[in-house]
Amino acid sequence: MRFCAYCEGVKLTESEETIIGTSVPRKEGRDKVTGAARYVDDIRLPGMLYGATVRSKIARGKIKRISFSPEIDWNEYVIATAKDVPGKNCIALILDDQPCLVDGVINHPEEPVVLIAHPDKHALAKAVEGVVIESDPLPAIYSMEGSEKQSEIIWGTDNIFKSFLIEKGDVDRVWAEADFIVEGEYFTGAQEHLYIENNGMIAVFDSVAGVTVWGSLQCPFYVHKALMALCGLPEEKIRVVQLETGGAFGGKEEYPSMIAGHASILAMKSGRPVKIVYDRLEDMVATTKRHPSRTRHRTALRKDGKILGGEIDFTIDGGAYATLSSVVLSRGTIHAGGPYLWPSVRIRSKAVATNTPPHGAFRGFGAPQSLFAMERHMDRIAKIVGLSPVEIRRRNFLQPGQTTTTEQVIREPINLSDLLDKSLAHASYKAKKENFARENKTSSIKKGMGIAAFLHGAGFTGSGERYLDSVVGMEGTADGSVRILVSSTEFGQGTNTVLCQIAAEALGIPYESVTIAQADTTIVPNSGPTVASRTAMIVGNLVRSAAIGLKQTLQLDGTLKKTFKPAEFGAACRKYVAEKGLLRSLARYNSPEGVYWDDVTYKGEAYAAYAWAVYVAEVSVDLTTYAAKVENFVALQEIGKVLHPVLAEGQIIGGIAQAIGLALYEKVLWQNGRMLNGQMTNYIMPASCDLPPIRVVFEEIGNPHGAYGAKGIGELPMDGPAPAILNAIVDALGVPFDSIPLLPEDILEAITRRVQSRQQITSPQESPC
Amino acid sequence: MRANPTEYELVAPGTLQEALALHASEPGSWLPIAGGTDLMVLYAAGRLQSRKLISIAALRELRNIEVASAEVRVGAGCTYTDLRQHPVITKEFPLLARAAAWTGGIANQNRGTLGGNIANASPAGDSLPVLLAYDADLILVSASGERRIPYRTFHTGYKKTLLAPDELIHSICMPRNLSGYKCYARKVGARNAQAISKVFLAAMVRISNATIKDIRLAAGSVGPVPIRLAGTERALAGQPINDSLLELAGKVMAEEIQPIDDIRSTAGYRTVVLRNLLGEFLQSLPGARFAS
Amino acid sequence: MLNPRLPDGTRLEISLTVNGAARTIHAYPMTRLLDVLREELNLTGTKEGCGEGECGSCSILMDGFLVNSCLIPALQANGTSIVTIEGLANDNRLHPLQKAFLECGAAQCGICTPGMILAALHLLDKIPQPSLDEIREGLSGNLCRCTGYFQIFEAVAKLSRNGVAD
């Protein structure tokens with residue numbers, strides 16, 4: 001029995017061979033399987049208080065009065081409100097519009113208003129209930145459509161956080177030449193990250209050393225920046241340390257700054273360590289989710305199925321504050337055209353404000369939303385033009401030398417038709433399509449096949465990496481081992497392991513001789529945030545440079561020969577440190593030559609590299625229960641070089657599992673801006689019985705910009721499954737579905753609607769799928 | 001955790017007699033807790049009203065499965081795992097074994113009890129429609145004695161039952177005269193395991209000459225309590241199994257259920273799917289004649 | 001202000017065996033076993049994910065049965081024998097199941113891992129050579145958001161292939 005293609009690869013013994021491309025043991029794996037790994041809730045400090053957050057409850061309004069129930073002895077509690085914020089009352093990120101604690105105006109139902117702390121954590125829940133916030137409600141907005149109407153202005157002057165326009169060619173001319181014009185509108189819902197470890201932080205304040213926070217987080221320097229502003233303290237008086245982090249998926253990119261801020265305020269006010277750990281309900285309802293989206297396509301085509309051009313309108317719901325919406329929007333906008341050639345295109349996009357908790361970073365970062373629309377739209381186009389879903393894609397795939405919607409020239413020798421053929425072969429696509437067409441006629445279980453072809457840009461968008469200006473450090477130590485210094489964090493995806501592999505490979509020493517420092521802002525340089533599928537590719541390359549620098553230092557110094565054995569490297573380190581002290585090498589990001597990006601026109605090299613993929617879903621729909629089930633899944637992707645096969649496969653399967661959740665299970669129910677189903681019992685993520693066999697296939701072209709040819713892969717698998725699955729359901733049922741999540745109730749409703757409309761129309765009309 | 005443990009009392013009497021005596025001493029103020037798979041969830045959410053609890057999890061007297069000639073008596077403290085593993089249950093009452101296997105994950109099956117499922121009185125309790133279909137009786141016990149009631153009379157309204165303030169559920173009795181019955185149960189939940197049901201149908205039928213002689217239908221999650229579909233049963237009894245019967249059954253059924261829109265599903269979905277489940281069951285029967 | 005005001009007197013003495021060692025603690029009867037393990041006994045390998053018996057992160061073995069420790073009042077654990085993740089490795093030697101998890105990539109972020117390993121151990125104890133469907137069912141109460149489960153299935157299958165003898 002084999003469920004994974006790459007599982008046999010882990011080598012628990014020391015490897016003499018090349019380290020890149022082999023599956024070495026996960027660096028912190030032993031601690032994780034023995035229970036020794038320490039997460040934030042596992043830490044207790046002497047004299048520590050437990051903090052809790054009193055939230056706004058209404059979606060929009062003005063606070064009149066905050067009162068405290070006389071039934072509680074408030075002398076036992078530390079209490080903080082907006083007036084206790086030592087510095088600027090905001091969560092500094094891109095714009096500083098989000099307050100740390102509400103001061104007057106409430107903009108969503110889960111806004112922090114009052115903080116309390118007590119030595120006994122069981123004394124908190126009742127006290128939270130005992131704080132009464134009286135307010136005058138203001139009219140609130142709960143939908144993108146409501147926000148666009150601007151009946152109420154809830155943010156800025158027009159409810160729009162950010163908008164983009166991409167123009168290529170002359171799209172206004174294509175309509176007259178078109179044989180077909182195909183329109184479609186597509187929706188994606190909010191999605192909760194549902195990392196199994198809830199958010200949490202511990203803060204300590206000392207009047208000399210300043211504020212230190214330990215916690216569950218992705219981006220130590222984001223928290224660092226936010227705390228400097230909030231606490232009004234200089235750089236050196238803020239220290240942020242990442243603890244073992246139990247899953248993140250983007251969900252611990254920006255919100256940890258909020259919790260760190262709250263814990264710090266309470267720590268500064270009380271003079272004692274303060275821990276805030278959310279319970280599941282609070283984490284689900286108050287922290288970020290994937291941005292809901294709406295995409296409209298209008299596409300002009302020749303009768304042979306070639307795209308002449310089109311307009312794409314992409315809108316996302318940002319929630320109440322700007323947070324990261326502008327960058328999520330940016331990535332979604334750039335990916336909106338998919339892996340296809342658009343001779344002419346106009347893409348307009350905007351992120352709008354609503355009175356819900358801000359939506360935020362989530363694996364894929366806007367791309368799963370706009371690619372869902374693109375890939376459903378391709379199937380709709382195929383149907384109208386009269387081609388198969390395979391052929392319509394084949395005729396429009398981007399080829400080397402052609403340009404993307406931002407006019408980035410494809411320079412690598414990618415052959416998408418070849419990837420498509422291979423993935424169809426792995427899925428037995430043709431044979432299954434034929435079988436299903438026959439079997440579906442008599443069965444109450446209808447089966448279908450669906451495809452999604454897509455790309456995912458690795459690293460920050462456009463000039464992002466240049467602005468980040470990442471730095472990586474490496475030290476040779478007194479015991480002869482090497483230590484990597486990065487702010488890049490491990491939260492399951494394998495950062496520690498892959499970066500150590502790269503360093504070991506570059507130095508020619510065993511993997512076991514390399515360690516990675518805890519992400520502590522007083523120890524590690526800022527290698528940027530751990531987001532955007534950038535760590536293996538971009539930080540990895542810097543680790544390699546730092547390693548080469550370290551080696552050169554030893555060689556120039558004469559301590560190490562030109563060619564050496566691993567043991568000689570260790571000896572050289574020991575000697576150098578003993579005689580000269582610190583042995584350290586730093587590497588700083590240099591943007592590749594000839595890379596051009598224009599932030600104003602949104603033209604140029606949007607990403608240094610793209611990963612490419614074709615996914616195939618086989619789906620069944622049981623017409624007794626209307627439940628759709630993914631029966632088989634093929635995930636074929638070109639990701640440059642596979643640095644660690646087991647980890648890479650784990651990223652792909654895990655991403656697909658989350659995307660199956662996005663497509664078929666995970667629905668956030670909203671009422672007046674608040675999530676109603678904030679429990680694991682009623683927000684349904686896939687469990688062990690719900691996932692199909694997933695066949696993962698890697699193609700490796702390489703990537704000159706990534707460490708040992710690597711591209712980013714963390715987000716890629718989030719993009720393709722949902723459209724592939726919906727395309728398969730449409731194939732099975734012949735009814736169009738353009739919205740996710742697609743639950744059995746939705747399938748029943750669509751089938752019922754179709755039966756009713758058939759009964760009304762005497763000559764049944766096929767609606768285009 | 002939103003509850004404060006210092007505010008709660010919990011006692012664990014060593015015998016059933018002691019538990020009942022305590023229960024009788026202040027009727028209605030002590031809440032029995034067995035495996036805790038429902039009550040501890042309420043507790044942690046800060047929503048458990050009762051401040052005084054009696055643990056009955058360790059009471060041996062409630063954990064027997066007694067096989068008599070006419071019936072099987074299952075102690076209320078038997079866990080879902082006990083039910084799944086008992087040879088007579090799996091052989092003669094397969095729907096109960098299956099419902100037990102569909103309840104939560106293994107950890108909850110190791111703790112959750114049949115009596116707890118009944119007392120919790122959720123319309124979505126997985127074992128409840130099955131007990132209705134099996135025509136189970138309950139033995140309720142208090143310090144002053146015991147009484148036996150038909151289970152189908154037990155639930156009187158949403159989360160309301162016939163259990164008196166000083167009573168415990170002692171055991172569940174299921175008659176064994178079931179040879180000749182075809183049986184069916186299907187749970188429709190939001191995922192394949194570890195899910196709360198959106199619709200549940202348990203059904204048993206005896207057929208001769210392609211005609212329904214006796215039929216029992218019980219449904220979960222389609223009203224405030226798990227119910228026997230008595231009207232539908234009457235409409236089907238004595239009938240041959242064909243398309244028009246299915247249509248008739250669907251109509252009668254729709255009138256006797258009271259499904260609602262809630263956080264898990266919609267009334268419309270529940271109505272249609274329950275009808276489909278009945279259709280699936282009827283179509284599987286020998287002698288069934290259906291067009292499609 | 002801020003003096004810990006923990007009313008005692010209502011705390012009970014609770015004796016249990018944890019990972020083979022007899023332990024006696026004082027706890028409120030309704031303190032969750034999860035909190036007893038983590039806070040009184042400092043066994044923080046047992047994790048809290050949801051606090052309502054849905055995610056399985058707090059899974060332990062109690063008298064040989066897999067249970068969610070967040071749903072068990074301390075009093076109900078009196079006199080029982082508990083195995084937590086800390087009880088698996090022997091003299092610093094990993095249990096074969098822990099080794100299989102490492103080799104197959106079955107632990108990513110690690111937060112579900114202790115509970116998952118105990119669920120797998122319980123499964124292999126009841127069914128030494130489980131089928132894929134039996135593995136799926138045995139782990140169905142343990143949610144993992146990172147792996148998509150297959151590398152975990154692989155680890156369990158590997159152990160069933162190799163036998164569980166250390």
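Contact of chain C and chain A

Analyst: C:Glu39 and A:Lys121 form a salt bridge whose closest N and O atoms are 2.4 Å apart, a salt bridge being a side-chain nitrogen of Lys or Arg within 4 Å of a carboxyl oxygen of Asp or Glu. This is a predicted model, in which local features need pLDDT of at least 70 and side-chain atom pairs count only at pLDDT 80 or more, while totals for chains, interfaces and linings use all residues. Residues are numbered from 1 along each chain as its sequence is written, chains are lettered from A and ligands numbered from 1 in the order in which they are written, and side-chain values use heavy atoms, with hydrogens and water left out.

User: How many salt bridges are there between chain C and chain A?

Analyst: The pair C:Glu39 and A:Lys121 forms a salt bridge. For chain C and chain A, the count is 5 salt bridges.

User: Which helix of chain C gives the most to the side that touches chain A?

Analyst: Helices here are DSSP runs of H or I with at least four residues, and strands are runs of E with at least two, numbered from the N terminus. Helix 1 (33-40) and helix 5 (150-162) of chain C are among those that each supply at least two residues of that side. With 7 residues, the one that gives the most is helix 5.

User: Is A:Ile94 buried, partly exposed or exposed, and why?

Analyst: A:Ile94 lies in the loop between strand 3 (78-80) and strand 4 (105-106) of chain A. Buried means under 20% relative accessible area and exposed over 50%, with partly exposed in between (1.4 Å probe, protein chains only). Because its relative accessibility is 44%, A:Ile94 counts as partly exposed.
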